[in-house]
Amino acid sequence: MQKQPDISVSRNPPDSIKVHPAFELKRSKPIESLKIVVEEYLHRKTGALHYHLSADNTENVFLVGLRTMPQDSTGVAHILEHTALCGSKRYPVRDPFFMMIRRSLNTFMNAFTSSDWTAYPFASQNRRDFFNLLDVYLDAVFFSRLNQLDFMQEGHRLEFENPQDPDSKLVYKGVVYNEMIGSMGSPVNTLWQTLTRYLFPTTTYHYNSGGDPEHIPDLTYEQFMEFYKTHYHPSNAIFMTYGDIPVYELQERIESRALSHFDRLSEHLSVHDEKRYHAPVTVEEHYAFDDEENAENKTHIVMGWLCGQSTDLEESMKAHLLSGVLLDNSSSPLLQALETTDLGNAPSPLCGLEDSNREITFMCGIEGSKPQNAQALEDLVMGVLQRVAEQGVPQEQMESVLHQLELEQREVGGGHYPYGLQLILDGLSSAVHYGDPVAALNLDPVLNQLREDIKNPEFIKNLVKSYLIDNPHRVRLTLAPDSKLSARRQKHLAAKLAKIKAGLSVPEKRNIIDLAQKLAERQQKKDDESVLPKVGLEDIPDEMHIAEGEIRELNGYKTTNYAQGTNGLVYQQIVCGMPKLSDDLLQHLPYYTATLTELGCGGRNYVETQALAASVTGGISPFTTTRGKCDDVQAVSSYFFVSGKALARNHDRFCQLMRETLESPRFDELDRIRELIGQQRAHREQSVTGQGHTLAMIAASSGLSPAAQLKHQLSGLQGIKHIKQLDAMIEEQDNLKTLTGKFQAIHDAILAAERQYLLIGEPEHLESFMKDLSAVWAGSRPATSNAKPFSLNEISRQVKQLWIANSPINFCARAYPAVPIEHDDAAPLTVLGGFLRNGYLHTAIREKGGAYGGGASYTSDIAAFRFYSYRDPRLVDTLNDFDTSIDWLLTEKHEWRQVEEAILGVISSIDKPSSPAGEAKDAFQNALFGRTPEKRRYYRSRILKVTLDDLKRVAQTYFDPAKASTAVITNAATLEQHGDLGMDVIKL
């Protein structure tokens, strides 16, 4: 800890900004490229910083960040992030965070634990709702109750396997404990944590801030409370806001609800610079991989360097330039070497730059390798770096990297994270490390300087030397699979728990039973939710916003234009109606789409095409979408898209590349296709530990409709199984040629299909964009093919599948056949998902069961209602909870409030704003599949009329146990413990 520096105020506030007297304005900086004004404030009493991003946007965002720098791997910061949201001084209820999720119209609510900070963000378009959430968040962070029972629930606890039987085994439970078992079951997460442990031998990054399951039980409640006292104080806090609410109103609430109750701390938390190695370090470690038969070629080999400080914007952008030059795309020298080497199957997912810590990390490597390849990989990497240091790279390659950085800065995001939150997170890391978040948001001056710097051919050569070649703080990590590691860990844990149990006295056993009972009673307790603020149906806007397009004709093709505020970007899609494909071609469709834009086109090879794409576009990507009809999910329609974006000034060249991508891909690049399939396999295999609940739901519903079955076959568990087989098959050259023949057949069918265009840009540029599009496609005429339209065979069958994967934890799903979106019961089924999650599943699966998450939802495209759990230590009990939630609905007494909360959640999801381009794409795609604005608005109006009787009626109508389909993802040990549960066992 160090003394907090004095912070001086640079000037008086401009007359246009009304500042709360508790705050001083340090500066106000317009950033034209982002259309915001950033205001930096200092709280006089506590020294807390407040950055306000003033914008003409009704989606207001709040975040409070705290520097949290753990000195062990007990997960104290992560457990505190969870537990702080379990009740506070003004809101003494057990679960105000999840209660507020369903009592508000929020467009985002969450909490994050990073390596050295914790943040609590939310967003809302409703002012009343925004201030409701602000009150709850401020109280949760600065006046948290931190009940010991909540610590036990969210963090870790000892219980008997049968909670009331002291003769049964002792077990560890806890939400974070189980979450991190799942997280560290990912080889990539293990790779990252292991690499940082060696790159940072003395600072907080040496430890796993999320928590290592072996160390989480070491955290005591007393240590937990002490961490809260020293870290959750306004003097250690950074407030960041975005939107159109005047800053005075925000500061008045922040001051009255929180800051006025604190004095300034004389000390502050910070991370010191890492002690540098004098020579590179070489390490070999292991990760758990239970499938002994397939453990060959599963080794990860990565190299990591510590570069400069992330708070030095100039140094940070130089590092980004260097990383981009080396790794941005397949024309980049280092990525090209990693993609084409025989030492591994694919570049490591860690390849790139990590700049959110105090010091920047550069990483590169391979996966799908062998331990004995480590030195050869290092020689390969250092050879590429030496070549760049001696020969440099073409000027246009550096310009392309700066082009990408400019495009990324300009693009107005949205969707998963609100745009304002994206900007806030861009500046948060700099603020945490006492840097300048205003400069971190305003990249134009640094980009302009770099454009001058790269004119010197020695510039990039010197960067490679100083950052990498001559930098001795380097780690080479070999992470090899160990098929016995899981068993050894389980044996060690069982022995540890048996030893603890053997040492327990009778009173200590009684205390464990009593605490388990008290926690169960607390979880069942009905809190007085009226202490929490809320919004109601009366606060819901009458209208939903849907972007409006204009249909034009271009060279005989239908073109839909959307005038949107895209901040200098243009978005384009070529849309083809999918033709009828044979089953074999359909199975290979996802490999075709994933490969198409990674190949050469227009007479160029793939390296030349990748270089061109980087210089004139922000990326081009193909995909297909298949959905059931609005009134019959057994009938489907499907479209193929080539989607891209570019800066407006590059639109003509972007258009040309879009056409060449569609018309002239190089399916003769056999070695490239072989590499790409290997990369796709690696990516798909890694998806299980992070997306297991989604994969389980896809599997459970795969028998309910043609579109659902296709999704399971192409992008679900069945698809992962298929790509593993395909990857092995195309080792044979004849099989590889057969695959490219299938790609060509798919491509020919798509080229002959009906086509239309989508164009999104700022209104003043649309006519110019249309001229470019017309010129590029001159001579092209609409297809006259008599090919059959896309169709799939009808399907309706029950699924019972138990998938065995390399996962230390479970994912459970159950699905029931339902109805398409135009049916009257679609609205109550939609509301029912939130009702069951809020009222029963959250408590049963997460709080009591210890899973990281669980819930239920209705999906109209496949007419299915699905239950799920995520990173779940249980299996049979969770499946029983799915069934019990239905009994709870039908037999218990419920209040209208619960229905209203579920409706609010649905409306909040429907009305959630996206990016300008995202809104246009969403409107276009919905209309393409028959979901017109009129139908969408009518469906929304039906949601608002749902009653409790409707929910009970649809549950009785559709939840027939005899028709339930089930899929779980687990491991061999769990299969041995529970048996097959009457399901088909499938090894992934």
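Which residue in strand 24 is the bridge partner of Gln573? The bridge partner is Leu758. This pair belongs to a predicted model, whose mean pLDDT is 94.

**Confidence of the model**

- In this protein, 98% of the residues reach a pLDDT of 70 or more.
- Residues 1-13 have a pLDDT that stays under 50.
- For residues 1-13 the model has 31 contacts beyond four places in sequence.
- Where pLDDT is low, predicted coordinates should not be read in detail.

- An open sheet is formed by 6 strands, and their order is 19-20-24-21-23-22. The pairing in this sheet is mixed.
- Its edge strands are strand 19 (550-554) and strand 22 (620-628), each of which pairs on one side only.
- From one strand to the next, the twist averages 25°.
- Strand 21 (residues 569-577) pairs with strand 24 (residues 755-761) in the antiparallel sense, over 6 bridges.
- Helix 22 (residues 651-663) lies across strand 21, strand 22, strand 23 (636-647) and strand 24. The helix runs at about 145° to strand 23.

- Strand 26 (residues 810-817) and strand 29 (residues 965-970) run antiparallel and are joined by 5 bridges.
- Phe811 has Ile969, in strand 29, as its bridge partner.

- Gln610 is located in helix 21, which spans residues 606-616.
- Is Gln610 buried or exposed? Gln610 is buried, because its relative accessible area is 11%, and a residue counts as buried under 20%.
- Leaving aside residues up to four places away in sequence, Gln610 touches Asn329, Ser330, Ser331, Thr597, Glu598 and Arg672.
- One of these residues, Ser330, has its backbone nitrogen 3.2 Å from a polar atom of the Gln610 side chain.

Conventions:
Residues numbered from 1 in each chain as written. Predicted model: local features only at pLDDT ≥ 70, side-chain atom pairs only at ≥ 80, totals over all residues. Heavy atoms only, no water. Helix = DSSP H or I, 4+ residues; strand = E, 2+ residues; numbered from the N terminus. Buried < 20%, exposed > 50% of the residue type's maximum accessible area, 1.4 Å probe, protein only. Polar contact = N/O pair within 3.5 Å; in protein donor to acceptor, adjacent residues only side chain to side chain. Contact = heavy atoms within 4.5 Å. Pairing = 2+ DSSP bridges. Axes fitted to C-alpha atoms, helices over the stretch in contact; angles between N-to-C directions. pLDDT = per-residue confidence, 0-100.
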